[in-house]
Every structure is written in structure tokens, then in C-alpha cells.
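Please consult the sequence and structure shown below alongside the text.

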Amino acid sequence: MDSPVQAMKTGAVTEEFDLAAADYDRMVGANPGYHDHLEISARRLAEGVGDGGAGLRVVDLGCGTGASTRALARALPQAEIVGVDSSAGMLAVARTKSWSPRVRFVHSRAEDATAARLGGPADAVFAAYLLRNCPDTDAALSAATALARPGAPVVLHEYSVADSAAARAVWTLVCWGVVIPLALAWTRRTRLYRYLWRSVLEFDGAAALRERMCAAGLEDVATRPLPGWQRGIVHTFAGRMPPAGPQAPDRDGV
Ligand SMILES: C[S@@+](CC[C@H](N)C(=O)[O-])C[C@H]1O[C@@H](n2cnc3c(N)ncnc32)[C@H](O)[C@@H]1O
């Protein structure tokens, strides 16, 4: 039988994000470092594409209310950015914000997003706090890599505490001491935030996630830390699609 976390991922995650959408920005705004850390990971992705992103398409999978999209837009001001999310409620909040004409949003599960639906292959893919919410981590990862061109960076920004008892303890303390009480006080709903606590505890350690990324075909896979109370708890996981293979010689061998 599925664990409660797995059952939530399979059945109710999108609906819970729909219900949480109106208060989501207020909740994450109370988390010191939330936006700064997204910006750090977005800049790490930008290091892999350069040139302000001119002429490039960057996909933000699980864009939510647009916090990660904003971080990408700052890091790559010339790029076309396509935010993708399964929650109509989260996207509705994202769309109320002011965006450059180069930013657009698509309502889709990450697993169903194809390059054709997003206007073409991605020159970079970002997924912040998405993978842990997907019922099949490997399927979501392969959907992300399927969108990316050869050589494109694929960057995850994600909680991962399984490798450290200290990180798990801090995480539990923060969730039950701050996040869940705040959700109760501000929204009268705690289901999503209790799920957040458990789903992070049950998610891959950093080494296991790197292994998945390598198994998904990514190269140069590495974890980089983020500062603040999230050190050892939230990480940037960066990889890159393999470069295009050499062109096959034509039949005359030239
Ligand atoms: C924790 S929020 C993160 C939002 C945003 N990336 C940020 O950094 O603030 C996770 C988002 O992933 C979306 N999501 C969950 N499962 C998804 C899936 N299978 N495909 C696309 N989006 C999904 C949720 O609707 C939610 O908006």
C-alpha cells in the first residue's frame, strides 16, 4: 500500500496547491532566504548558458506562483522563460504579476510537457521544489531531460536531508515550530505543510538524487550548498545534457 506521502503525490498534490495558492507567497515570504536561494540557484543555471540568455528558451518546471520564474528572469533577463505547473490556482496567482513579454506560463504536468507544447526544446531547464512532489521521481526527471537540448544545463533546487541527522532534526524543528503553526494561524489549513515536512524526510539524500540525475543521462552532476538555516537542507543540484554527438558521415564518408 502507498505511504501517505506517496498517496498525496499520486492523488491530491495539485488540488492542495490550488487551495494553498492564495496564501503561498505570504508563506514563502516568511521563510528567510527563500527568494535569495532561488536567485542563487538561478544564477548557477545562468553560468551554464551565459550571455544574459539572449535567444534562449528556459523552462521552469513546477513554477508555482512564479517565485522561481522571477529568479530566472533576473538571472537571464534576455531569455524567453516558460513556466509550467499542474496547478491552475498557482498559475492564476503567477499570472496576476507583472512580467516581461518574454515570460509565459503553461498549464501542464511536468511529466506531460513536451518541447512541442512549450514552443521548442529548452536551452536550460530549472525545477525548484518540484521533483519531490512528483509521484515518480525518475519519470519527472526524464520528462525534464526530454525537454532539454544537447549540452543544456538541467538544474534542480530541492530539499534533501536524508544524508544528515542534523539536517533532519533542524528540518523537523522548523516545520513543527514555525511552518505548520504559521499555516494554521494564517490559512487554517495545514495539510500541505504537514505533507511538506514528511515528503522532505522521505525524499532522496543528495547522493541518491545525484545518482538519479546521472542515470537520467546528465553529465557533470554536482551539488552546491545554499547559505542560512537551509545549509545542508536545500541544495542546488546541477547537471548538463550530453553534447550532441558528432554528425554521422554521409555515405561518401565526407
Ligand atoms: C513547492 S511549489 C514550488 C513553486 C516554485 N517553483 C517556487 O520555487 O516557489 C511546487 C509546485 O510544483 C507544482 N507541481 C507539483 N507536481 C507537479 C507536476 N507533476 N507537474 C507540474 N507541476 C507540479 C505544484 O503545483 C507547485 O506549484
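**Aromatic pairs and the ligand site**

The model contains six aromatic pairs, counted where ring centres of Phe, Tyr or Trp (its six-membered ring) lie within 6.5 Å, with planes under 30 degrees apart called stacked, over 60 edge-to-face and the rest tilted. This is a predicted model, in which local features need pLDDT of at least 70, side-chain atom pairs count only at pLDDT 80 or more, and totals for chains, interfaces and linings use all residues. Residues are numbered from 1 along each chain as its sequence is written, and side-chain values use heavy atoms, with hydrogens and water left out.

**Aromatic pairing**
- Tyr159 and Trp171 form a tilted pair, 4.7 Å centre to centre with 45° between the planes.
- Because Tyr159 lies in strand β5 (residues 153-159) and Trp171 in helix α8 (residues 165-187), the pair ties together parts that are 12 residues apart in sequence; helices (H or I, at least four residues) and strands (E, at least two) are DSSP runs numbered from the N terminus.

**Shell around the ligand**
- The ligand is surrounded by 23 residues, each with a heavy atom within 4 Å of it.
- The closest are Tyr34, Gly62, Ser68, Asp85 and Ala110.
- Helices α2 (13-29), α3 (34-47) and α4 (67-75) each supply at least two shell residues, and α2 gives the largest share, three residues.

**Polar contacts (N or O atoms within 3.5 Å)**
- A polar side-chain atom of Tyr34 lies 2.6 Å from a ligand oxygen atom.
- Ligand nitrogen atoms lie 3.2 Å from a polar backbone atom of Ser86 and 3.0 Å from a backbone N or O atom of Ala128.

Notes. A polar contact is a pair of N or O atoms within 3.5 Å; within protein, one must be able to donate a hydrogen and the other to accept it, and residues adjacent in sequence count only if both atoms are side-chain atoms.
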